[in-house]
Amino acid sequence: MLTRRTMVKAAGGAAGLAIAAPFLSLGRVKLVARRRDGLAGTPQEYSTRCVDLVAGSLVIDMLSPLAISSSVRQRWGSDLSGMTAAEEQEFRDSEIDVFHIGVGIGGRDFADQYRNTLLFVAGYNAMIAARPDLFVRIDSAEDLASVHGSGRVGILIGTQTSSHFHSPDDVNLFHGLGQRVSQLTYNERNMIGNGATERIDGGISDFGIAIVQRMNEVGMAVDVSHCGDRTTLDACEVSSRPVLLTHSNSRELSGGHPRTKTDEAIRAMAATGGVMGITGVRMFVLDREPTTLVDFFDHYDHVRDLVGVEHLGIGSDIDLHGYDDLPTDEYERLKAAYKGSYAFREKIDIEGVDHPKRVFDLTEGLIERGYTDDHIRGILGGNFQRVLGEIWAA
């Protein structure tokens, strides 16, 4: 396994060497990603330009839980004492500097949602405190600027619902606990607005407007990735700060999936100064098979052509290993938790961007599509770094 330093050194020497053992040949670098079961995967070869870009860029994944698998999280424990040395190294070797770890947090009622979200945020704070050698909480633009090259992995605390905000003052409370991003709704309706799979989307409520305004005041990012169309557009109209699509795709290309975004919504997001992270979730990419990397990269091109490359980023919506190699019982429970409109197929991931080294495959694909180095640095993390700095400057 290669560290950032050895990759930079290797890439730098590649230009002057025709062959260099054991992993350099004609300006190419071989990297190995480990599978979820701990075995080594198939070595993948990347250009030295790709390796240089990844190693030299701040990389932000604006939706990537540390572990999707409940059995893995249980084994790790709240203090990560059950995490193996190989798993720790996997996070460092992924070259992802910042993981936005937001999830959808449910509950039977308001009190339950509040309690569950409090436990979620407190749990991550405890984990970060237990392992300051491995993780650091990202609270500010200064934290984003310093995490790259620090030897630690940044954790950006967010949630994929705002149902725990029972009054505007709760925004202040959770901001004080470290939450920096909040998606207004998950797929369903709450007191703020409507989710993407609700039958009717009435837009943002008066209460929701008050929540958005308070988020703007304290410097908490407004995320509308799972929101319904009207709620998404209302948020872009109401918010005085940039609105984010941390993890979504183009509805124009997806075949009409309700969790993807219309061109109107993407333009509205961009008009606020926001950024959109593209996901590798199969049914959000295309509604039929085969669904390939070509289709995945088409979403990057579409958003670039629609609103500009400065509004593009990464929002993979998976952990380092993706969904398709989850234990069978966990995989089936996950699929059963969503409405039929989610249209799950046999696989959820896109092969090629579903492993711990996926940032290299993404970068290589962008190179092949003709993106410049500056464009790629922006997509890898620079664009989200810029917009989060604007939002957090409250």
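Which residues of α8 are buried? In this predicted model, the buried residues of α8 are Gly208, Ile211, Val212, Met215, Asn216 and Val218. Helix α8 comprises residues 206-218. An α-helix has 3.6 residues a turn, so residues three or four places apart point the same way. The cover over the buried residues of α8 includes α7, β10 (181-183), β11 (221-223) and α9 (229-238). The length of the helix was also examined: at 1.5 Å a residue, its 13 residues should span 18 Å, and the end C-alpha atoms are 19 Å apart, which agrees. After α8 comes Gly219, with a positive phi near 90 degrees.

Helix α7, which is among the elements covering α8, spans residues 168-176 and contains Leu173. This leucine has a relative accessibility of 37% and therefore counts as partly exposed. Together with Leu118 and Leu177, Leu173 forms a nonpolar patch on the surface, and the three residues have about 200 Å² of accessible area together.

For Leu66, when neighbours within four places in sequence are left aside, the contacts are Trp76, Phe91, Phe99, Ile101, Tyr124, Met127, Phe135, Ile155 and Asp319.

Gly102 is located in the loop between β6 (98-100) and α5 (110-130). Its relative accessible area is 0%, so Gly102 is buried. With neighbours within four places in sequence again set aside, Gly102 is in contact with Leu63, Pro65, Gly158, Thr159 and Gln160. Between Gly102 and Phe120 there are 9.6 Å from C-alpha to C-alpha, for a separation of 18 residues in sequence.

Arg75 belongs to helix α3 (residues 70-76) and Glu87 to helix α4 (residues 85-93), so that the pair, twelve residues apart, links distant parts of the chain.

Asp287 has a relative accessibility of 39% and counts as partly exposed. The side chains of Arg345 and Glu289 also meet in a salt bridge, at 2.9 Å from N to O. Arg345 lies in the loop between α14 (328-336) and α15 (358-368), and Glu289 in the loop between α12 (282-285) and α13 (293-307), so this pair ties together parts that are 56 residues apart in sequence. Within the pair, Arg345 is buried at a relative accessible area of 19%, while Glu289 is partly exposed at 42%. Both residues take part in a network of salt bridges that links Arg282, Glu289, Arg345, Lys347 and Glu351.

Conventions. Residues numbered from 1 in each chain as written. Predicted model: local features only at pLDDT ≥ 70, side-chain atom pairs only at ≥ 80, totals over all residues. Heavy atoms only, no water. Contact = heavy atoms within 4.5 Å. Helix = DSSP H or I, 4+ residues; strand = E, 2+ residues; numbered from the N terminus. Buried < 20%, exposed > 50% of the residue type's maximum accessible area, 1.4 Å probe, protein only. Salt bridge = Lys/Arg side-chain N within 4 Å of Asp/Glu carboxyl O. Patch = residues over 30% accessible without salt bridge, like charges linked within 9 Å, V, L, I, M, F, W, Y side chains within 5 Å. Areas by Shrake-Rupley, 256 points an atom, 1.4 Å probe, with all protein chains shown as cover. Expected span 1.5 Å × (residues − 1).
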